[in-house]
Amino acid sequence: MAGPQDTPIRLAFVVSHPIQYYVPLYQRLARRNDVDIKVFYTWQADRAPVFDPGFQQHIAWDIPLTQGYEFEAVSNTSRDPGTHHFFGLTNPGLVEQVLAWKPHAVHVTGWAWHSHLLALRRLRAIGVPVLFRGDSHLLDAPGSRLRAFVKRALLRRVFSWPTVFLYTGQANKAYFEAFGVPPEKLSYCPHSIDVDRFARPAADLESQARRWRHELGITDEQKVVLFAGKFEPRKRPLELMKAVLAHTPCVLIMVGGGELQPQVESLAATAASRVRVLGFQNQATMPVVYRMGDVFVLPSAHGETWGLAVNEALACGRPVVVSDRVGCAADVIDDSCGRTFPVDGVSDMIRAVQEIIRDSSREALRRGATARSMKFDIARTETSLLHSLHALAYAR
């Protein structure tokens, strides 16, 4: 690998497709002089609409995801391409294509697809340093003992291949440790968002949100609980609606879509004066959407590896209430910006919401949310990643 005083370090990224949370990092790195990057997409590399099984619709993000950095599509031969199953990313030429660019190191996102798994093994075999990034945790309820045994045996082997593990937070670090990753291979690289895109221009965005609330028939005096995400069982939108309607005077704004949309709309119809269902909203609209709420709630029961919507809400100056099964809870949430509640504690969730919407605490929590969001800005991830990359350069 090139040393810190030599030519720029060449870092290749292997990732499935342009992801709105990752692209700002690529764009920042591409502007630097001490590193050259190239992204290799193993599924899709354009803005064409893609069917999202969670939202139950085709989605094309409305912010630029393929500008400001170099990328290359890798031919995918899967009969059913996508990230929804192991063989959805089948790219026979992946490693050769990456090596042809002559990287000094390769950043691989995720192992649970055929091509990414083979790339981890092959790159280890030929001595190319790999920085591995994933965000799994052990917060979910355990499965069968047999499944756990097989998974432990498999992952202990897979996790012997990467050079460095970029853990996103405490829960993710504990996950890697549980599967035998030694401390010297672990490097903190937080999940983050482009805070500035959500935070500014604050006054104009607040004004737009206030107008939208008025158009929905919500007065300035009414308090709003906001949910934004996929309407699917693991995120528990129906449980949230029932609890808020039964135990608070708040108005609910439900933003999203998915398999539970008919049930969400049916329940909303029974309390039409207190629920607004907006459906899916694209990225450019979300800085306004979050500001329509007084508190953002993410009550997920399982499968919430991080919950980047929490970061987005905080960047919009909105306090948050999240269950303790949400991956970001231990790292992001403190009393300055929100509350965490036990996943089975509906009364605890309602108590947290009520604490936040009190006039005496709301403004302080909004300021705290904005301040807290900056600790998880994309610049922090950039700095952490470069620290790990330069440490590899010194070590070789």
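**Exercise 1. Find how many bridges join strand E6 (residues 105-109) to E7, and follow the chain through E7.**

Step 1. Strands E6 and E7 run parallel and are joined by 4 bridges; strands (E, at least two residues) and helices (H or I, at least four) are DSSP runs, numbered from the N terminus, and two strands pair if DSSP finds at least two bridges between them. The model is predicted: local features need pLDDT of at least 70, side-chain atom pairs count only at pLDDT 80 or more, and totals for chains, interfaces and linings use all residues. Residues are numbered from 1 along each chain as its sequence is written, and side-chain values use heavy atoms, with hydrogens and water left out.

Step 2. His107 has Leu131 in E7 as its bridge partner. Between E6 and E7 the chain passes through helix H3 (residues 114-125), in a right-handed β-α-β crossover; right-handed means that, with the strands pointing away from the viewer, the path from the first strand over the helix to the second runs clockwise.

Step 3. E7 also runs parallel to strand E8 (residues 164-167), with 3 bridges between them. Here Leu131 stands opposite Val164. E7, helix H4 (residues 145-158) and E8 form a right-handed β-α-β unit.

Step 4. From strand E7 (residues 130-133), Val130 and Phe132 point one way, Leu131 and Arg133 the other, and all are buried (under 20% relative accessible area; exposed is over 50%, partly exposed in between; 1.4 Å probe, protein chains only).

**Exercise 2. State why Cys328 counts as buried, and list what it touches.**

Step 1. Cys328 sits in the loop between strand E14 (320-323) and helix H12 (329-332).

Step 2. Cys328 counts as buried because its relative accessibility is 0%.

Step 3. Leaving out residues up to four places away in sequence, Cys328 touches Trp306, Gly307, Val310 and Ile333; contact means heavy atoms within 4.5 Å.

Step 4. Thr305 is 23 residues from Cys328 along the chain, and their C-alpha atoms are 7.6 Å apart.

**Exercise 3. Sort the lining of the second largest pocket by class.**

Step 1. The lining residues are Glu206, Ala209, Arg210, Arg213, Asp220, Arg291, Asp294, Arg318, Arg362 and Arg366. Helix H7 (202-215) and helix H14 (359-373) are the elements that each give two or more residues.

Step 2. H7 gives the most, with 4 residues.

Step 3. The classes are 1 nonpolar, no polar and 9 charged residues.

Technical notes: On a 1 Å grid over the protein atoms alone, a cavity is a set of points where a 1.4 Å probe fits but cannot get out, and a pocket is an open set with protein on both sides within 12 Å along at least five of seven lines; lining residues have an atom within 4 Å of a point. Ala, Val, Leu, Ile, Met, Phe, Trp, Tyr, Cys and Pro count as nonpolar, Asp, Glu, Lys and Arg as charged, and the others, Gly among them, as polar.
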